[in-house]
Amino acid sequence: MDLKTLGWNEFFENHFNELKTEHIFPARVVTAQREIYSLYGESGELKAGLTGKLRFNAASLAELPAVGDWVLVKLSPDKSIAVIEGILPRISKLSRKVTGEQTQEQIIVANIDVIFLVNGLDGDYNLRRIERYLTVAKDSNTKPVILLNKTDACPDYAQIVEAVTAIADGVPICTLSAINNEGIENLKTYIKKEQTIAFIGSSGAGKSTIINCLLGEGRQKTGAVREGDDRGKHITTHRELIILPDGGIVIDNPGLREIQLWSDEPTLKDTFTDIEDFSLTCRFGNCTHESEPGCAVKSALETGTLDAKRYQNYLKLQKELRYLAVRKEKIKSRNDKIVTEKRISRISKQIKKHNKYDF
Ligand SMILES: Nc1nc2c(ncn2[C@@H]2O[C@H](COP(=O)(O)OP(=O)(O)OP(=O)(O)O)[C@@H](O)[C@H]2O)c(=O)[nH]1
Ligand SMILES: [Zn+2]
């Protein structure tokens, strides 16, 4: 399989050339489950584990391979076992906080060019969720596109498009009815050959239906292994890495569902530029726009220039991010300590080894 078909480009090539050693080859991570990775490389699919060194040196989950990553792989001498020796730098990454109490960054997917934020225009549609998705996408270095699916189920969707446009801050919006195969041509204009795309959105928003539309003739039931065609050579790609007839690459990962934020306040400000603009005239530079006198955000709220629900969502996200910032700081100092301890343990092992063998 040609690596370019899987999204390989000059950026990865250059880094690979810097890092490669003998018998190392690149492959792309398609699934990651408990440190067993399914990879795609020039020779097709293979399973791989991690070298002890990579696992040991990783100070956090984010330093382990993620779906979408390009990794450096080596085969055992009898070629029966593959191990991942390193990760090539990422062009982009979509992260969330790991679910539960832990505060750790989890990379949901790496090296995505376009992220489609899928919303159903039936009961699923929610402006606040779109704001949340936009905040996640802003931080990821991917190009977001908002998809409003199921236009057939919402006769007056024009109003919704207007409301979404007001919060989208220039992010493109596509309307479609995947079930009727409508709007798909417009959607395709955002998908380029050899570029990687992903869809996020809540369950039932229509992600699988949209992917099936993009597959066209090759459409298959959800859950089945999909097949692509590579210049006559028959290849079967993994269900989670789909090569579209026009050459776009879809990463369809069950982890791309509800997203907890892994971001920071400056990113929030990028998403809520209207609130940021109002806040320039708040009396206090560090105004939290909650109870301070002379708050321009509050007065925009009173005059109706700023929507109350949008404002509430902003405060909610701001609180979440502040809490996260405190937790991140704690984790960072703990990780720094672990890294130092690991370094000391390595040095002391080396000293012991020397004593034993060399002196
Ligand atoms: N009316 C209408 N229904 C749609 C449309 N697109 C998808 N659906 C229906 O919505 C339901 C969910 O669609 P899926 O494509 O499975 O949704 P999904 O986002 O992949 O859901 P998960 O796999 O749970 O994440 C199915 O019953 C689809 O037939 C549409 O354009 N209009
Ligand atoms: Zn204020």
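The legends below describe close-up views of a predicted model.

Local features are given only where pLDDT is at least 70 and side-chain atom pairs only at pLDDT 80 or more, whereas totals for chains, interfaces and linings use all residues. Residues are numbered from 1 along each chain as its sequence is written, ligands are numbered from 1 in the order in which they are written, and side-chain values use heavy atoms, without hydrogens and water.

**View 1. An open, mixed sheet of six strands runs in the order β10-β9-β8-β11-β15-β14.** Strands are DSSP runs of E with at least two residues, and helices are runs of H or I with at least four, both numbered from the N terminus; two strands pair if DSSP finds at least two bridges between them. Because β10 (173-176) and β14 (241-243) each have a single partner strand, one side of each is left without a neighbour in the sheet.

**View 2. Strand β9 (residues 143-149) runs parallel to β10 and is joined to it by four bridges.** In β10, T175 is the bridge partner of L148.

**View 3. Ligand 1 has 15 residues around it, and D152, S203, K207, S208 and T209 come nearest.** A residue counts as near if one of its heavy atoms lies within 4 Å of the molecule. Helix α6 (residues 207-215) gives the most to this shell, with three residues.

View 4. Another oxygen atom of ligand 1 is listed at 2.8 Å from a polar backbone atom of K207, and a nitrogen atom of ligand 1 is 3.2 Å from an N or O atom in the side chain of N149.

Methods: A polar contact is a pair of N or O atoms within 3.5 Å; within protein, one must be able to donate a hydrogen and the other to accept it, and residues adjacent in sequence count only if both atoms are side-chain atoms.
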